[in-house]
Amino acid sequence: MVATAETISAVEEATGKYKYGFVTEIETEKAPKGLNEDVIRFISAKKEEPEWMLEWRLKAYRYWLKMPSPDWAKLNIPPIDYNDIYYYAAPKNKPKLESLDEVDPELLRTYEKLGIPLNEQKMLSGVAVDAVFDSVSVATTFRDELAKSGVIFCPISEAIREYPELIKKYMGSVVPVSDNYFSALNSAVFTDGSFVFIPKGVRCPMELSTYFRINEQNTGQFERTLIIAEDQSYVSYLEGCTAPQRDENQLHAAVVELVAMHDAEIKYSTVQNWYPGDEEGRGGIYNFVTKRGACRGDRSKISWTQVETGSAITWKYPSCVLRGKDSVGEFYSVAVTNGAQQADTGTKMIHIGEGSRSTIISKGISAGKSQNTYRGLVEVHKGAENARNFTQCDSLLVGDKCGAHTVPYIISRNPSGKVEHEATTSRISEDQLFYCLQRGLSEEDSVSLLVNGFCKEVMKELPMEFAVEAQKLIGISLEGSVG
Amino acid sequence: MALLEIKDLRASIGDTEILHGINLTINSGEVHAIMGPNGSGKSTLSYVLSGRDGYEVTGGDILLDGESVLEMEADERARAGLFLAFQYPVELPGVSGMSFLRAAVNARLRDAGEEEVDQLAFVKMVRAEAKALGVSDEMLKRAVNVGFSGGEKKRYEILQMALLKPIMAVLDETDSGLDVDALKIVSEGVNALRGPERGMLVITHYQRLLSHIVPDFVHILAGGKIVKSGDKSLALEVEENGYADIANVA
């Protein structure tokens with residue numbers, strides 16, 4: 001027996017309301033619409049970049065021009081007019097800020113509305129935040145505090161000026177410019193993002209967080225994040241995203257690169273809540289993101305956790321290149337699609353180092369007439385003696401007009417490698433729903449509870465600060481106290 | 001005072017009428033047993049009372065504490081004080097038992113306009129009840145009914161009943177799948193919840209449960225009707241002669 005119409009509407013209620021659809025009225029400065037070398041020069045000049053950075057961008061652009069848009073995903077992507085997009089939009093009265101007091105109060109109010117207090121005095125949770133509004137970083141908190149332990153946490157545009165050696169060494173080393181269509185595009189036009197450097201032996205004393213907000217109409221967001229964890233260091237990084245409700249589609253093409261050296265660990269968590277578009281699929285963000293981590297050092301570890309609820313189309317495969325001996329890669333994902341949303345998401349675990357291990361836990365929830373695909377590659381290279389992978393992909397269907405698809409790719413070139421793949425597809429059963437109702441829980445609460453139970457293995461991987469937001473997002477209350 | 005009044009209740013699944021006019025009144029403090037052979041409509045009755053989707057009431061009425069529940073959804077009936085102990089409690093993977101129990105208790109309290117119970121007080125409350133029913137801390141930490149044995153599931157049902165304090169409890173074949181020891185523990189749990197403010201309807205196929213939970217009245221359900229009513233001795237009669245004779249009398 002499938003879930004009832006009420007169940008479906010309960011899930012739609014829970015996931016369908018978009019609270020972050022407001023627009024901030026703020027004067028902005030934009031680059032001319034469209035994409036050409038002049039626009040790239042404009043962006044580079046705005047960011048006061050050195051010549052080598054501009055050259056890097058131009059090279060990427062010329063490469064991108066020759067590339068075809070990828071069409072292998074199970075997505076129906078309408079043609080995108082890359083010349084109908086603004087590639088740079090920045091709130092006026094900037095750019096250099098000495099302290100938060102100089103930030104436009106309208107911007108601070110925006111972040112407050114989003115539940116991201118930037119005012120350091122008010123911050124209780126001890127999370128350092130970098131806030132990126134359209135094309136620029138507007139504020140980064142707790143920087144002095146972090147500097148004491150040698151941690152660098154700053155906008156990437158600033159890092160390009162202040163730490164050119166680190167940028168030259170690492171940027172593009174995990175996701176090469178030519179990696180794919182969207183990474184090449186990003187490399188040409190990226191505007192801001194976060195840079196994190198954790199020196200040898202340092203355990204980053206607080207959670208680092210970046211909050212991305214697309215505000216301007218017809219504007220793409222192309223952020224770039226680079227995190228470097230030196231030997232024996234540790235960092236936990238969180239990212240959140242929202243955008244106003246608009247009828248047109250907007251493009252978000254980010255690149256995230258992580259580098260973990262010997263015994264280092266990076267935990268990267270995402271709560272993605274870009275505007276998903278309306279029921280009929282009007283508007284919404286195209287979320288085409290390349291995220292990859294390199295476990296370069298022995299016993300290094302990179303862990304991706306993502307909760308994907310937003311975006312009209314999601315094309316995203318956070319991956320790990322497990323080069324170090326006994327290195328570890330993890331991918332925990334909850335992807336919820338509703339209405340007319342489409343998601344093609346998963347991971348790649350590339351085992352190169354001896355004894356490297358990876359775990360993939362993916363939970364897909366489809367409602368409405370959405371399509372939700374898990375796509376994952378596990379590849380064991382010749383030298384990866386005793387590599388291990390465990391993959392579990394579970395899909396939950398709500399209603400009978402949605403689709404869930406699982407597309408695993410497994411390539412093993414070493415006979416000692418061990419790769420396991422488990423997959424299930426289920427519905428919320430009438431029995432389960434009735435059991436909850438009979439105990440006095442409303443239909444909406446019952447569905448929330450059941451969906452949340454389904455995602456539990458992933459949700460418990462999220463840092464506390466984000467878990468609450470994520471649970472709310474999925475319309476779920478673990479303790480009956482949220483929402 | 002009548003806590004549950006079932007008046008000439010007719011109910012169907014699809015086009016098939018299963019209950020052909022049932023009359024039954026349960027007053028506060030009373031324990032009634034409904035016995036009947038397979039296919040007599042016992043489980044249907046429990047689902048119709050609790051408002052499960054897919055069961056259509058085609059005639060008659062059900063009054064809980066004087067109010068008709070026919071227009072109420074299953075969750076509203078539950079919050080109004082109707083509890084069903086399931087024959088086959090379903091597993092809820094990943095749903096933490098404590099969270100589930102607390103959400104249920106708070107939903108009931110909220111509806112009654114009472115203050116919700118906080119986590120700490122709730123844990124104390126659960127521990128006290130759980131101990132008497134032999135529900136271990138370890139069981140409480142697990143997901144609802146996941147990996148529970150048959151006996152554990154039934155004890156967990158009674159624990160929920162103890163926490164929710166219903167005015168009317170319906171126990172659907174609570175004895176099925178229980179060994180003698182488990183039956184004893186569950187029965188003791190149920191007996192502890194008997195009281196002047198509560199009514200109980202015990203649905204069972206076999207007499208053996210009724211020697212542990214001794215009913216005030218026994219009704220025989222056959223072919224979707226109550227064919228005979230009596231006191232506890234009626235259960236013994238069934239035990240000796242089977243259902244055939246009684247059902248045929250009707």
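User: Why is A:Asp263 called partly exposed?
Analyst: A:Asp263 has a relative accessible area of 32%. Buried means under 20%, exposed means over 50% and partly exposed is in between (1.4 Å probe, protein chains only), so 32% lands in the middle class. By the way, this is a predicted model: local features need pLDDT of at least 70, side-chain atom pairs count only at pLDDT 80 or more, and totals for chains, interfaces and linings use all residues. Residues are numbered from 1 along each chain as its sequence is written, chains are lettered from A and ligands numbered from 1 in the order in which they are written, and side-chain values use heavy atoms, leaving out hydrogens and water.

User: Where is A:Asp263?
Analyst: Look at the loop between β11 (255-260) and β12 (265-272) of chain A. Those labels come from DSSP runs, numbered from the N terminus: helices are H or I with at least four residues, strands are E with at least two. A:Asp263 also has a positive phi of about 60°, though it isn't a glycine. Most residues other than glycine have a negative phi.

User: What makes B:Asn145 buried or exposed?
Analyst: B:Asn145 has 0% relative accessibility, which is under 20%, so it counts as buried. B:Asn145 sits in the loop between α5 (137-141) and α6 (150-164) of chain B, and its phi is positive too, about 65°, without being a glycine.

User: How do you know what span to expect for helix α3 of chain A?
Analyst: The rule is 1.5 Å times one less than the number of residues. Helix α3 (residues 51-65) of chain A has 15 residues, and its 21 Å from first C-alpha to last is close to the 21 Å expected. Its buried residues include A:Trp56, A:Arg57 and A:Trp64. The buried residues of α3(A) pack against α2 (37-46), α6 (156-162), α8 (181-189) and β8 (224-229) of chain A.

User: What makes A:Asp431 and B:Arg52 a salt bridge?
Analyst: A salt bridge needs a side-chain nitrogen of Lys or Arg within 4 Å of a carboxyl oxygen of Asp or Glu. The side chains of A:Asp431 and B:Arg52 meet at 2.5 Å, N to O, so the pair passes. The rule finds two salt bridges across the interface of chain A and chain B.

User: How many residues does each chain bring to the contact?
Analyst: Chain A brings 22 and chain B brings 34, where contact means heavy atoms within 4.5 Å. In chain A, A:Phe434, A:Tyr435 and A:Arg439 lose the most area to chain B, together 33% of what that side buries; buried area is the accessible area (1.4 Å probe) that two parts lose on being put together, summed over both.
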